[in-house]
Every structure is written in C-alpha cells, then in structure tokens.
Amino acid sequence: LYEVAALRGDEEEMVRQIETAYRLDPLRPHYIWLMGGAYLYTGRGQEALEFWRKTEQLAPARTCRGMTEYYLTKGDIEKAKEFHAKFEKLEPTHPWAMWMSGVLAAYEGDGEKARLTIKKIEEAKMGPIAFNFIAYVYHALGDLDSYFEYMNRVLETHAAIPMLVMHSPLLAKARTDPRYLELVEKLRKRLGLTK
C-alpha cells in the first residue's frame with residue numbers, strides 16, 4: 001500500500017502507510033529505512049535525519065544508507081561519502097553500495113569513475129533490477145537520454161521502484177522532463193492504477 005500510494009503521488013498516504021508498518025514492526029531494518037525515506041522524500045528531511053539517528057543502533061546499514069541520501073540532498077558530498085563508506089563496510093556486496101558509488105562519483109565530477117560503476121553493475125548480472133541502478137547513475141551524470149532509455153527497460157521488465165521514481169530528491173531533474181510524465185503513465189497503466 002505504501003508503494004501504491006507512492007505511485008499515485010499521494011505523499012500523505014505514503015507516509016501514513018509506512019508509519020503504520022513501522023508501528024507494527026519497529027525492528028525491521030527495511031521499515032526503518034523506508035520510514036526515514038518517506039520523510040526525506042516528502043520534504044521533511046530534518047525529521048528523516050532525526051529518525052535515522054534515533055534508530056541507528058537497530059538498523060546501522062539502513063540508516064547509513066538513508067543518511068547518505070540525506071546529505072547528498074543537502075549538497076554535503078563529504079558527509080554523504082562518510083556514511084556511504086560506513087554502509088559499504090556493513091554490506092559490501094549490496095547493490096545499493098555499488099550504484100551509490102557511481103552517483104557519488106558523478107556528483108564529484110568524476111564521470112569516468114561513474115561510468116566504470118555502470119560497467120560493474122552490468123557485469124554483476126543482477127537481472128532487470130540493475131536497469132534502475134544504471135539509470136540512477138546516468139541521472140547523476142546529467143545524461144537524461146540514457147536515464148529514460150534505462151527506465152523504459154525497467155518498465156519493460158517490471159522492475160520499477162515507484163518510491164524512488166516518483167519521490168527521490170536525487171532524481172528530481174528527470175521530473176522536469178516531458179518524458180517523465182510518459183514514464184509515470186506507463187508505469188501506472190501496467191499496474192492498473194490511475195491518479
């Protein structure tokens with residue numbers, strides 16, 4: 001229901017659904033990450049940061065992941081890199097660690113390293129979910145043509161992550177492009193949803 005609300009663009013309902021899930025299972029690391037993410041993605045960044053700090057001992061990897069994104073949205077690349085490094089130590093093989101390395105490289109202006117990350121993601125053979133990660137790195141590089149090319153592959157393979165596509169501040173540039181509305185409409189149609 002959280003993902004459905006995200007896809008519909010209903011931010012209030014998205015937050016309400018994940019708050020309910022978190023209340024029912026406050027020890028689940030995934031819910032801790034999603035809860036902070038819902039705050040971050042709905043413009044409540046300070047609440048996200050406070051929540052992740054409060055729950056850091058319960059879900060250290062997921063809170064480091066969230067705080068990496070938080071600091072990137074604030075333009076604090078050094079702090080983002082610090083939390084990303086902590087995440088990598090905790091979960092070195094997690095796909096998120098790989099694509100966020102590419103995003104960070106792009107934010108630092110190291111296009112070569114970012115493109116190398118894309119190659120690593122392709123070689124890791126993660127399946128269709130990898131199209132998301134490649135798209136996100138291209139977005140960070142400012143290559144929206146490649147971003148939309150890969151996001152269309154995401155749609156074809158039913159591997160979309162609605163919360164990120166619709167709400168992540170890290171993907172905000174794409175939302176100003178006319179192709180974004182087409183992408184969202186295709187995604188909603190495939191899932192039988194209308195706004």
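Arg 28 is partly exposed, at 40% relative accessibility, where buried stands for under 20% relative accessible area, exposed for over 50% and partly exposed for values in between, using a 1.4 Å probe and protein chains only. Its side chain meets that of Asp 25 in a salt bridge, with 2.8 Å from N to O; the term requires a side-chain nitrogen of Lys or Arg within 4 Å of a carboxyl oxygen of Asp or Glu. Asp 25 is partly exposed too, with a relative accessible area of 23%. The model is predicted, so local features need pLDDT of at least 70 and side-chain atom pairs count only at pLDDT 80 or more, whereas totals for chains, interfaces and linings use all residues. Residues are numbered from 1 along each chain as its sequence is written, and side-chain values use heavy atoms, with hydrogens and water left out.

The whole structure contains 11 salt bridges. Side chains of opposite charge can pair when their charged atoms come close. In one of these bridges, Glu 123 pairs with Lys 119, and the closest N and O atoms are 3.9 Å apart. Both residues belong to helix α8 (residues 111-123), and because they are four residues apart there, about one helical turn separates them. Helices here are DSSP runs of H or I with at least four residues, strands are runs of E with at least two, and both are numbered from the N terminus. Glu 123 is exposed at 52% relative accessibility, while Lys 119 is partly exposed at 46%.

Asp 145 and Arg 179 form another salt bridge, with their closest N and O atoms 2.8 Å apart. Asp 145 sits in helix α10 (residues 144-156) and Arg 179 in helix α12 (residues 178-190), so this pair ties together parts that are 34 residues apart in sequence. The relative accessible area is 54% for Asp 145, which is exposed, and 29% for Arg 179, which is partly exposed.

The aromatic side chains come next. There are 12 aromatic pairs in the structure, a pair being two rings of Phe, Tyr or Trp (its six-membered ring) with centres within 6.5 Å; planes under 30 degrees apart are stacked, those over 60 are edge-to-face and the rest are tilted. Tyr 22 and Phe 51 make an edge-to-face pair, at 5.1 Å centre to centre and 80 degrees between the planes. Since Tyr 22 lies in helix α2 (residues 11-24) and Phe 51 in helix α4 (residues 45-55), the pair ties together parts that are 29 residues apart in sequence. Both Tyr 22 and Phe 51 are buried.

Phe 87 and Trp 96 are also edge-to-face, because their ring centres are 4.7 Å apart and their planes stand at 70 degrees. Phe 87 is buried at 0% relative accessibility, and Trp 96 is buried at 1%.

His 84 belongs to helix α6 (residues 77-90) and is buried, at 3% relative accessibility.

Where is space left? The largest cavity has a volume of about 70 Å³. On a 1 Å grid over the protein atoms alone, a cavity is a set of points where a 1.4 Å probe fits but cannot get out, a pocket is an open set with protein on both sides within 12 Å along at least five of seven lines, and lining residues have an atom within 4 Å of a point. Grid points are joined across faces, edges and corners, and the volume is the space filled by probe spheres set on the points. Trp 99 and Tyr 136 are among the residues lining the largest cavity, as are Glu 69 and Leu 164.

The largest pocket holds about 200 Å³ of space. Of its 14 lining residues, His 30, Trp 33, Arg 65, Ile 161 and Leu 164 are the closest to its centre.
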